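Please look over the structure below before reading the report.

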Amino acid sequence: MTLRAELRVERERFRLDIALTVEPGEVVALLGPNGAGKSTALRALAGLLPLTGGRISVSDQVWDEPPAVFVPAEHRQVGVVFQDYLLFQHLSALENVAFGLRARGVRRADARTRAAEWLDRVGLTERAHATPRALSGGQAQRVALARALATAPQLLLLDEPLAALDASTRLQVRTDLSHHLRDYSGHTVLVTHDPLDAMVLADRLIILEDGAIIQQGEPTEIARRPRSEYVANLVGLNLFRGTAAGTTVDIDTGGSLTITENATGPVFLAFPPTAVSLHPEKPIGSARNTWPVTVAGMEQHANITRVRLDGAPPGLADITPAAVADLRLQPGMRVWAAVKATEVHAYPA
């Protein structure tokens, strides 16, 4: 019952060309910058956008294979949770959940019974007769999820399902959603901009840029070994590409760094901003990488200050507000950056 999709969609100024598989019970997250093709892929899977080439099938059922086959959205076993939920404002929570069942021919009484069971599963029995306007964002999201799952779809599509929630609600709803996805035996494709949502909810990540897959794998592997600047920013790492000879790596954009293990040829180097320390003078003593940099900008993030650095190489450093005060950091200031060789992770490019 594997979902297999070769998605090729051509528009005037954009081309999506990706292949993906999703196993039963698996959650696959699509991530990428705006315009990468995430929404196009989701619309093609849902049947809202015909392919111009390729194929979509679940087991022996072909949903789209131009020019011969196209199964419209209403005839695909697909459930969708949209970013803004798209609940019917004139219907109660119970009637919203029952709507999908009724649209598939289930008798009214049976649809209402099954809808009530799903509202109980998402903890909203007491809100069954409330309209969407009377629900909180988290409650509306759970109603939308119950509506999507009540029809027992083969494929569940989640389009930025937590984006409309405030920070205080998001953590609990993310936990609830993770629980429900573990119990769902179908195929799930999640589209999100939030790396934490992807890391918590997904079994596998697919990173898109410009309509193509640039990296895919388990969340831990993606987080450890990013292969593009977008992914590095997503997981919060400094990333450089260079050429290794022994324990020295000449970085493509300028400068060099020392690593602890011998390597040869093209490599990526990655290390967290927290591994970078800043000094008014060149530090001496323990073996480390040091190089002069210019402070390009500073941003406060909770209890740390993120400092953007211009140099060879450039990068990011996360330091405490106390360190900012001690160094009297300000944009344009020249300082020295340092990172221990043991903090630099090298892997083949």
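## Basis

This is a predicted model, in which local features need pLDDT of at least 70, side-chain atom pairs count only at pLDDT 80 or more, and totals for chains, interfaces and linings use all residues. Residues are numbered from 1 along each chain as its sequence is written, and side-chain values use heavy atoms, without hydrogens and water.

## Largest pocket

The largest pocket has a volume of about 490 Å³. A pocket is an open set of points on a 1 Å grid over the protein atoms alone, where a 1.4 Å probe fits, with protein on both sides within 12 Å along at least five of seven lines; lining residues have an atom within 4 Å of a point. A volume is the space filled by probe spheres set on the points.

Its lining has 18 residues, with Val78, Gly79, Val80, Phe82 and Arg104 nearest the centre. Strand 7 (78-81), helix 2 (93-103) and helix 4 (137-150) each supply at least two of the lining residues. Helices (H or I, at least four residues) and strands (E, at least two) are DSSP runs, numbered from the N terminus.

## Second largest pocket

The second largest pocket has a volume of about 310 Å³. Among its 15 lining residues, Glu229, Asn233, Leu239, Phe240 and Pro314 lie nearest the centre. Strand 12 gives the most to this lining, with five residues.

## Gln139

Gln139 is in helix 4. Gln139 counts as buried because its relative accessibility is 18%, and buried means under 20% relative accessible area (1.4 Å probe, protein chains only).

Technical notes
Buried < 20%, exposed > 50% of the residue type's maximum accessible area, 1.4 Å probe, protein only.
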